[in-house]
Amino acid sequence: MAPDPGLDAAYATGRGYRGTGVRFSDCEYGWNAAHEDLNAIDLHLEPGQTIDPGVFAYGWDEHGTAAAGVSNGTDNGYGITGFAGGATVWTYPEWTVEEGFRRVTCIAHAIADSAAGDVVLLEMQDVGAGGGYGPAELDPSVFAVVKAGTDAGVVVVAAAGNGDQDLDSAAYAAYRALGDSGAILIGAGSATTSHDKLSFSTYGSRVNVQAWGESVFTLGYGYYAAYGGDKNQRYTASFNGTSSASSLAGPAAAVLQEAAAATLGAPLAPLALRGLLIDTGIPQGAGGHIGPCIDLRAAIERIDVMASATVRNGTGTNPAFYSSTSLPVLATTWTAEVDGSGHPGAGATAIVGYSAPLAPTPSAFGEILVDVAAPFLFASWAPSGGGIASHANLVPGDPAFVAFRAYTQAVVFGAAPELGNAIDLRLGY
């Protein structure tokens, strides 16, 4: 997709970001894995589950097919190319032969099978206290599993629902009392530069960002074309609702997680990713609050200048007693702690920084994780007294230091020195 009013997925693709290294799981009723633009990839249907025949009888598989096309449609010269085609896609059905209707279970399994930084998409909605459709997490059971997932570092992207519900109204007081699940809720916006709320989109301060809720070209349905009457050659130019919006937002999250891992050394935490989408989005136009429209170029360019502190610990032999308590932001003080409580006779602690990392190299004091033959950058000393030692170091303010990297490792001195884990610093904003 092009820049505004689009998400500028073309920029992400041009930078080489297509969700590679990210597990992308879609939870909904079903998919047509035989579609000509999906049959060359593995949709990895949840093991032990068979989509209920009723899904196909009612045509509900068209919905999942459309969503899968947006994210993972095959780059084969025709049809649609999904813009997160580098991600590994997994599918978790909420109606199966084996277990019947299983919404909470399918979400729980998708989250449990994911690692921190992976993305789970909830292409579903629920009827709320106001009488219309809102997000699936209106169900406290869904909310609970989503919250557990985001607490564990799994990114959950969810449709806000198509019921034009005001989540800030009195009717939804009980929902708001549950707190923040950590999910990224997606509203349906216009496919124009005004980015107005579409009439049906649920809204409110809990809805974070928007994407197109209309006019999305993808697989399935056959409203645009149905070649030879073949279900496997159906295409639509009118996938819509918070369904189409979240089908765009899910792969956008996967793409940004690849960018973060490549640039910062690790994917973003769920709340950090949500904040990034909000902060870099294109402002909303008219209507109740659904948030800014996702702008992938702006988000990636923000990642390019972000500060980070990534823990590294070789084979895990060294004790993990070193933590960063702030980020190395330019013109600020970077702080860290070294915990000497587990080291007999701990007196002094040190953090040393060099310009290159080192593959785990055994020594008499533990694994060396920084290359001491590389240029030396700094050393920080602080007393322990058998407890936590606090370190503080000024970060240069010169913009020329954006993306500068320092590879650091901590040591505790007592009866004998003991090496701890490493933290790789990237200076930025």
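Which residues of helix 4 are buried? In this predicted model, helix 4 spans residues 103-112. Its buried residues are Arg103, Cys106, Ile107, Ala110 and Ile111. Viewed down the axis of helix 4, these residues fall within an arc of 130°, so they line one face of the helix.

Two threonines were examined next. Thr74 sits in the loop between helix 3 (61-72) and strand 2 (88-93). The relative accessible area of Thr74 is 15%. Burial requires a value under 20%, so Thr74 counts as buried. Beyond its neighbours within four places in sequence, Thr74 contacts Asp37, Leu38, Ala40, Ile41, Ile80 and Thr81.

Thr91 belongs to strand 2. This residue is also buried, with a relative accessible area of 3%. When residues up to four places away in sequence are not counted, Thr91 touches Asp26, Trp31, Leu43, His44, Leu45 and Glu46.

Helix 7 covers residues 241-264, and helix 8 covers residues 270-280. The two axes come within 11 Å. They cross at roughly 110°. Angles of 65 to 115 degrees count as roughly perpendicular, so helix 7 is roughly perpendicular to helix 8. On the helix 7 side, the contact involves Ala253, Leu256 and Gln257. These meet Leu273, Leu276 and Leu277 of helix 8. By class, the contact comprises five nonpolar residues and one polar residue. No charged residues take part in this contact.

Notes:
Residues are numbered from 1 along each chain as its sequence is written. This is a predicted model: local features need pLDDT of at least 70, side-chain atom pairs count only at pLDDT 80 or more; totals for chains, interfaces and linings use all residues. Side-chain values use heavy atoms; hydrogens and water are left out. Buried means under 20% relative accessible area, exposed over 50%, partly exposed in between (1.4 Å probe, protein chains only). Helices (H or I, at least four residues) and strands (E, at least two) are DSSP runs, numbered from the N terminus. The arc is that of the directions from the helix axis to the C-beta atoms. Contact means heavy atoms within 4.5 Å. Axes are lines fitted to C-alpha atoms, for helices over the stretch in contact, and angles run from 0 to 180 degrees between N-to-C directions. Angles under 35 degrees count as roughly parallel, over 145 as roughly antiparallel, 65 to 115 as roughly perpendicular and the rest as oblique. Ala, Val, Leu, Ile, Met, Phe, Trp, Tyr, Cys and Pro count as nonpolar, Asp, Glu, Lys and Arg as charged, and the others, Gly among them, as polar.
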